Each structure stands twice: as structure tokens, then as C-alpha cells.
Amino acid sequence: MNFQNYPVLKILLPYILGIFIGYFSFFVLEKRLFIIIIAMVLLLVSFILYHKVSYNRQWIAVLILQMSYLWMGFLITEFQFNAPITQSTHDYILNNSQWGVHIIENPVEKNRSVKVIVSVEKSLSNQTIKKKAILYFKKDSKALALQYGDFLLIDSQLTLIEGPKNPEAFNYKLFMQRKGICYTGYVSTERWQLITHQVPNQIQCYAYRVQQIFSSFFSKAGMKGDEYDIITAILLGNDDTMEPELKNAYAAAGVSHILCVSGMHVGIIFMIVNFLLKPLELFKQTRIVKSFLLLAIIWVYAHITGLSPSVCRAATMFTFVTIGEWGHRNTNTFHSLFTSLFILLLIKPLLLFELGFQLSYLAVFGIVFCQKPLSCVYFPKTKVGHYVWQLVTVSVAAQLATFPLSVYYFGQFPNYFLLANLSVITLSFVVVLTGILLLAVSCVSFLNAGVAWLLNGEIKIMNLIIRTIEGFPGAVMRNISVTEFEVLLLYLFFFLLFIAFIWKKKKVFFASLLVLLSYSVSKVYDKMHYMAQENHTFYSIPNILAINFNDHGNSILLSDSITDKKHRQYSFCIQNHERKEYIQSLILPLDSLCFQNDFLCKRGNFICFEGKKFYILAAHQKLFPVKEKIKVDYLIIRGNPSISLKKVREAIEFSEILINENNSHYYFNKYMNIR
């Protein structure tokens, strides 16, 4: 791979650097205008220099052009991520409740509510407020009838989406902010009414309708439960109804990519449509029609499935392939990959920080870059052996490319990923084809029933294989912790090792070993740093009290509700913190009368840890007059404090208080600063 043959990289790399600068910085509007002027001047200067200076000095024009794209990446990111909003507008949004809202995405049914993404709109004397928000409507027949494009009047107090309250927890606030959503609210049945229906995007509206129609075809064919969830997820991109346990099973087997619409699905649609339109290749005039129809169907399918990052990447690359064939020009895979990346980031630079986008491009880059050299290591003599070997090399190449990032985000590695891919990839391909066939024969009752029965059987077999692999001993290597720096070291190690393997360069091989040594040193230092800590952590979990007492990596987790590490709230609120800080906790019930080890002592309501005293007080507990106050460092009140805090102060002397209310998170008030 010669980078000189890919001129798009000369502007892609500085553009990505500009995105990073814009994402991690904040500039006021006046400075943005100044930078717009700089970018325009740089583009003009680079254009003039490129046509006026000699060939030997054209690098100056290229450098200026790269600087202009760096500014461009910065600007677009700034306007999308750090869109200016005045403090007065922000205060107005938080202090008012009467709004007109426009539903801009398909509503999603939850267990007890209907989740809706809306555009909050209101006209004031000097400006028009138009901000995105996520609203939860009380679930009833009225809310379930909401559609994309509905305009409503609501009476709801909007609040800011809160950031993470627990260490190392998922930052939902930042995740939604990248989508332009900063506010949220709950709307009860009597607090809203439908005014009109006005579709903001007609193409998107048709896409939602087609997705609903196709989903109903599967439902009418008798598909339900896991089988219905699987086929609507992998063919239509609708995974809202899928059970978490099923998702976890696929993730543990290393084939969670099957549950989302990806390049494979777009490739199948492309292959089928290309075959059906083959007769249009007979005449030169109809080839253009064929290319147009092919691209239209591919992008319509991309819209139906929700325009996920992997689908957009695949659709863009297939667009280049189709245009290349129309113009009788060979398309370079690397060039198509880089160009599609540049185009998608031009439209939406914040895609760069979405996990699906990152994993999609890394997987494809790994396959394109590594698969062919790996396949040359061994040459099977049979067609079946050749097919299996190709599947093995593709799986290994994709896994190598995504391994460091997957471990960083999820902290686990599926040990049997190769077995799972070999047994499921082909079957998932058949499932997609059968699903398309079911849609095609949905109007023919006897064919519809037969194909649905076949599709149900295929998905049942696939789920059985996945759950069997998940049940193997040591199926998943868990609690793997890596830092951002260690992720970069792992990628550098894999890259150098692969280059040494291809070019047979000993110096590059020794360089890869040096990088691996640096990674090992970083891991040892990181672990020693956390293992030297002695601390306690109060976790913020609604309706649950959980406290971690950590002593050099060994810890006790006391909780009134969490009994084991399979508990949903443990996985959601605690697990990532313990993984990142190398904590191995033992879970004990908070109501246990007594416990003692080398660093923790519990006697009834008293807890002693590293010289600190804790006292747990139930909200309904009676306080009797005492001759001498109880002196503790931390007072923990469980439940709604119906007791008088004045009486608490008369009986207990404390430095800090923690109140765990039933309907809210913890409120931590220091030094008796309470009411």
C-alpha cells in the first residue's frame, strides 16, 4: 500500500485532526467568525499558489490546503457539537413548560413509556427557539399512536440530561449531546395534545412506513419472540424489542455484529438487485438506468434500516463501485474506503466518535489490509477448505483490527469468536436471503407459511449455536482493562508485527517487540497505581444503597439489594468502575449483623474502614435520647428521611451525610450543610 497513490489522505488526515480539535475545545462565536475568515483565505491562497508557483514549490500550496481543511474540520465540528446558545435562552428553556414539539424520529415503545425525539419550538419576540429534546410519554393507547411528523402541544418541565453519577460510568449526557440533544422531560397523558401532522422529511417518513410494513409482514407470517426480534434486527435494523440476554449471548460468542445491519446485508441487496437488473446491461443507454436504479434501491434500503454508520459506509462504497463500473474504471478499495470516510465526516463529523462507526471502518480496513496476506499462508486443496480458510482469515483480520477498541469499551474478549463465526456467518447469510424471500412471497399465503416456517427454524438453530458456544467453559475473558494510551500501543504493535510478517523485516519485528514491552510496562504501572489505593465509593443507584470499600484492589461491596454480580444494576453502575481500577469485590448484604477482615469491620449499624467510622440509619428507625452523642465521619440514611434531622443531630455527630431516597439518586451534603 503506497500512500502516495491516495491523494484523499492529504486532506482527510488534517480534516480529522480539525474534528478532534473542535470536539475537545470550545470557542465563542466571535472567534468562530475569525476562523471562518482564516479558512477562506487559506483556500484562496492555496489555489493561487498551486497554479502560480513552480512544481518544486507546490508543497507549500499543499500545506496551506491541508491547513484550510484542518480549519474546516474544526469549524463544522464546532457548529454541530458546540452550537452557541445564550444563557438567557438556556434559562428560558429550563424555567418554562409550555412548548410546541415536532416529532423528528420514529417513537420507540419502552416498558412503561414511549420514547420520542422531538424538536422543541417556540417563537419569542426577538428569536425562535428550536432545540432537540428526548421526551418520555406515559404509555397508553394515545401515546402508542404517536407518529413521525406529529406536532404536539405539551406542558412539561424540561431539564438538562444529567452526566454520569458513578465513576467510569457511561456518559449518556455526552452521547446525546453528540446527537444535538441536551434536554429531557416526562409528559403525562393529560399534559399533551396532537395539533397537526407535518412530515419534516418525506423520504425518511416513507422509510419508517416501509420498515413498519415489512415488520408487520414478519409478524403476520407467525414469527414472534426471539425469532421475530432477530429477523427485524438483522434485516430492517430494528432491535428495540430484542431482549438484553439475547444480545449478551451474541456478544459473548463474538458475533454481535450479526444483530445489526452491516455491509454484508447491503452487499446481499446489491447482489440480488444487480442480478435482477442484468438485462439492462444489453444496451449502452440502459446501463445508466441500471446504475441509477441500483443506487436508488441501495440508498432506500439504507434509509429503511435507519442509516446506521456501517450501512452508510457500505452504501457509499457500493456507490463508488457502481459509478466506476458505469464509467468503465476500476475502483480501488482503499481509495473508496478513504473517500467514503471523508464524505461521511463532511456531512456529520461527530460520527467519528460513535462506536459503531469506528468498529465498522476498522473491521473493513482490517479485512482489506490483512486478509489477503493471511490467506496466502496456507492454500487448501478443496473448494470447501478454501471457503473455510477464507472465512477464517476474514474473521481473524476483522478481530485483530477491532480487538483493542472492543476491549477498551467492553472489557471482554470472546475466546471462541472463530468457532462462532465459522458456524454462524454462513447461516446468517442464509437467514437474510430467506427473510428477503419471505417479504417477496408475503402475498402468497401457502408460500408465505412455508418460508416463515423455514426462517423460524434457521433462526432457532442459529440461536441454539450461539447459546451453546456461550455456555462453553471460558467462553469470555472478562474484566480486561486498557487505557487510551494502551489502545494506541496495541494498534501500533499489531501494525508493526503485520508489516514485519509481510516484508520479512527483522528491525520492524524488534520494533514491535519494543512496543509490546512498552505496553507491558504501562500495564504494570497502571495496575500498581490502582493497587496502592485505599478508598470508599458511594454509588448513585435509584432505590439501591451500595458502598464499595477498597483496600489495594481487594474490596467489600455492601448493598441492600445487589446480591451478586449478575444483578442488572451492578453491570450498569458498578462493574466498569471495578474493572478500570482492578478491584475484585466480595458482595455482602448491608443488613448482615457483623463482619470483620483485615481492613473492614461491621458491627450492626457501625462500619469501620481505614480509621473512618460509618453509621447506617434507617429512615423509620427511632432515635432515643442519649447521654453521649455517637461520633462518626459519615451518616448514611436509608429511604425517605421521615425522621427529624434535628433529632438526628442531637443523637449523632457527623461530618458528612448521605441520604438515599426512594425516588431519586443520592444527595451528598458535606459538613452538615443540610436543611
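Me: Which residues of helix α4 are buried?

Reply: In this predicted model, helix α4, which spans residues 87–95, has Thr 89, His 90 and Ile 93 as its buried residues.

Me: How do they fall when seen down the axis of α4?

Reply: Viewed along that axis, the buried residues of α4 fall within an arc of 100 degrees, so they line one face of the helix. As background, an α-helix has 3.6 residues a turn, so residues three or four places apart point the same way.

Me: And what covers them?

Reply: The cover over the buried residues of α4 includes the strands β1 (98–103), β4 (128–138), β6 (159–160) and β7 (181–187).

Me: Which exposed residues sit on the face turned away from the buried side?

Reply: That face of α4 carries Gln 87, Ser 88 and Asn 95, which are exposed.

Me: Switching to Thr 77, where is it, and is it buried or exposed?

Reply: Thr 77 belongs to helix α3, residues 58–81, and it counts as buried because its relative accessibility is 0%.

Me: What does its side chain reach?

Reply: The side chain of Thr 77 reaches the backbone oxygen of Gly 73, at 2.7 Å.

Me: Now the surface: which residues form the nonpolar patch?

Reply: The patch is formed by Val 377, Tyr 378, Phe 501, Ile 502 and Trp 503, which together have about 520 Å² of accessible area.

Me: Where does Tyr 378 lie, and why does it count as partly exposed?

Reply: Tyr 378 lies in the loop between α14 (355–375) and α15 (383–410), and it counts as partly exposed because its relative accessibility is 47%, whereas exposed would require over 50%.

Definitions and conventions: Residues numbered from 1 in each chain as written. Predicted model: local features only at pLDDT ≥ 70, side-chain atom pairs only at ≥ 80, totals over all residues. Heavy atoms only, no water. Patch = residues over 30% accessible without salt bridge, like charges linked within 9 Å, V, L, I, M, F, W, Y side chains within 5 Å. Areas by Shrake-Rupley, 256 points an atom, 1.4 Å probe, with all protein chains shown as cover. Salt bridge = Lys/Arg side-chain N within 4 Å of Asp/Glu carboxyl O. Helix = DSSP H or I, 4+ residues; strand = E, 2+ residues; numbered from the N terminus. Buried < 20%, exposed > 50% of the residue type's maximum accessible area, 1.4 Å probe, protein only. Polar contact = N/O pair within 3.5 Å; in protein donor to acceptor, adjacent residues only side chain to side chain. Arc of directions from axis to C-beta. Contact = heavy atoms within 4.5 Å.
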